Amino acid sequence: MDAFYASVELLRYPQLRGRPLVIGGSRAATATAAPGASLPQAPAGLRRLRDYAGRGVVTTATYEARGFGVHSAMGLMRAAQLCPDALLLPADFERYRDYSQRFKQVIARYAPQIEDRGIDEVYVDLSAAPGGQEQGGRSLARTIQAAIHEATGLTCSIGVAPNKLIAKMASEFHKPNGIAVVFESDLAAKIWPLACRKIHGIGPKAAARLEQLGIRTVGELARCERDWLQQQFGSRHGEWMYEAAWGWDDRPVVTHSEPVSLSRETTFDRDLHAVYDRSQLRALFTTLCERVARDLQRDGYLARTIGVKLRYDNFQRVTRDHTIAVPTNDAAIIRRTAAQCLRRAPLERRLRLLGVKASGLVPIAAPRPAPADALEPAELPLFEPLSAQ
DNA sequence: TCTGGGGTCCTTTTCCTT
DNA sequence: TCTGAAGGAAAAGGACCC
């Protein structure tokens, strides 16, 4: 199978190129125009990072801002220290979602087998796409890239390779707006010199552990004995690392998947205490439960398991789950069950985050149209109390 | 100076039943 | 009635990703 990985540069603002720009999380959305900012084409509501006070993290940053050490997931207050003159642009996820849809629709015109990987990324099975084999996939990649730009104005980086693992890595080679084709025979030259962290699935923890063991590059990882890696990282993880280093990956492009869980969580503006801020917490908790219920109803699922997540002021996290006999999407039942979970969690410390989660999702069967004679209006119980169901 | 929100998957621990 | 082993399900936590 030849795979193709496309990631669109959703969060780029050509009119701001050359300026340090930080795009912040939802909490940055109260921006006001910065005094002295000379940005005739800039979106309204821009201000300097130094004028920002509050919680939130950097969603993304331009290369100019990165030059100051600012990067994704960094706290905005920390970013403000490093680069106080950077402009802060509130994130607009509604708009990104709209562009995301358009980007995926364009690809679907050329390749029917698409795996959704979030708001700005997809995998495509090239073997199922007409013309996908020409020039090792480069020609189709070029066509799709141009079509995306025409339809959305966005640039897009594409990696083409024998499998998803390598395609993902290849897509990073010529960012932004690049195309990279990697063949199996390119492994040693193009993949092995990369840092292990570039493998999708090796995060900060695994990378640090590898570094401790003196393994920095994918090539060094490939030279390790499989058994030894399994001893160090466990049989499954070690095996996977070994295979990844050799560019082995037989995962198919998955075009459809059911959600496993659905959750809502919120970080408070200030840390709250279960006793002293009881009424505020209670209201937030109810809202979260109602939002989970609404999400379940909107997406057509019932949940078998309800859980809560707490993050304390010291950033420690705990979760508590409870599985119920009858799956539900009812806000009151979700709240009651989540409250039960909450009672089992330590509540002495102040809280910075509260979340409610529904898992063990069961799709609601599509209602079958009832036969005409079953719809005798006179026999339908009107105003049946909901609790009687 | 602290570190969002929404997910997935995996491992380990705990609990229940036989 | 108690004890221990075994196995499965549920719960809890960790790592990772976008």
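Ile324 lies in strand β12 (residues 317-328). The model is predicted: local features need pLDDT of at least 70, side-chain atom pairs count only at pLDDT 80 or more, and totals for chains, interfaces and linings use all residues. Residues are numbered from 1 along each chain as its sequence is written, chains are lettered from A and ligands numbered from 1 in the order written, and side-chain values use heavy atoms, with hydrogens and water left out.

Helices here are DSSP runs of H or I with at least four residues, strands are runs of E with at least two, and both are numbered from the N terminus. Ile324 has 17% relative accessibility and counts as buried. Buried means under 20% relative accessible area, exposed over 50%, and partly exposed in between (1.4 Å probe, protein chains only). Leaving out residues up to four places away in sequence, Ile324 touches Ala303, Arg304, Ile333 and Thr337. Contact means heavy atoms within 4.5 Å. Lys175 is 149 residues from Ile324 in sequence and 48 Å from Ile324 in space, C-alpha to C-alpha.

## Glu115

Glu115 sits in strand β6 (residues 114-116). Is this charged residue buried or exposed? Glu115 is buried, at 6% relative accessibility. Its contacts, apart from neighbours within four places in sequence, are Glu121, Val122, Tyr123, Lys164, Pro252, Val253 and Val254.

## The chain as a whole

Chain A has 12 helices and 13 strands. Of its 389 residues, 41% count as buried. Take the contacts in chain A between residues at least 6 apart in sequence: 65% of them join residues at least 24 apart.

## Cysteines

How many disulfides does the structure hold? The count is 0. A disulfide is taken as a pair of cysteine sulfur atoms within 2.5 Å. The closest cysteine sulfur to that of Cys196 is in Cys224, 8.2 Å away, so the gap is too far for a bond. Cys196 is buried, at 3% relative accessibility. Cys83 is buried too, with a relative accessible area of 2%.

## Two helix pairs

Two packed helices are described by the angle between their axes and the distance between the axes. Axes are lines fitted to C-alpha atoms, for helices over the stretch in contact, and angles run from 0 to 180 degrees between N-to-C directions.

| Helix pair | Angle | Axis distance |
|---|---|---|
| α11 (residues 278-299) and α12 (residues 331-343) | about 130° | 9 Å |
| α9 (residues 226-233) and α10 (residues 235-245) | roughly 135° | within 7 Å |

α11 is therefore oblique to α12. Angles under 35 degrees count as roughly parallel, over 145 as roughly antiparallel, 65 to 115 as roughly perpendicular and the rest as oblique. Helix α11 contributes residues including Arg282, Phe285 and Leu296 to the contact, and α12 contributes residues including Ile334, Arg335 and Leu342. By class, this contact has 10 nonpolar, 1 polar and 3 charged residues. Ala, Val, Leu, Ile, Met, Phe, Trp, Tyr, Cys and Pro count as nonpolar, Asp, Glu, Lys and Arg as charged, and the others, Gly among them, as polar.

α9 and α10 are oblique to each other. Their crossing is right-handed. Among the contact residues are Leu229 and Phe233 of α9 and Met241 and Tyr242 of α10. The contact of α9 with α10 has 4 nonpolar, 4 polar and 3 charged residues.

Methods
A crossing is left-handed if the near helix is turned anticlockwise from the far one by less than a right angle, and right-handed if clockwise.
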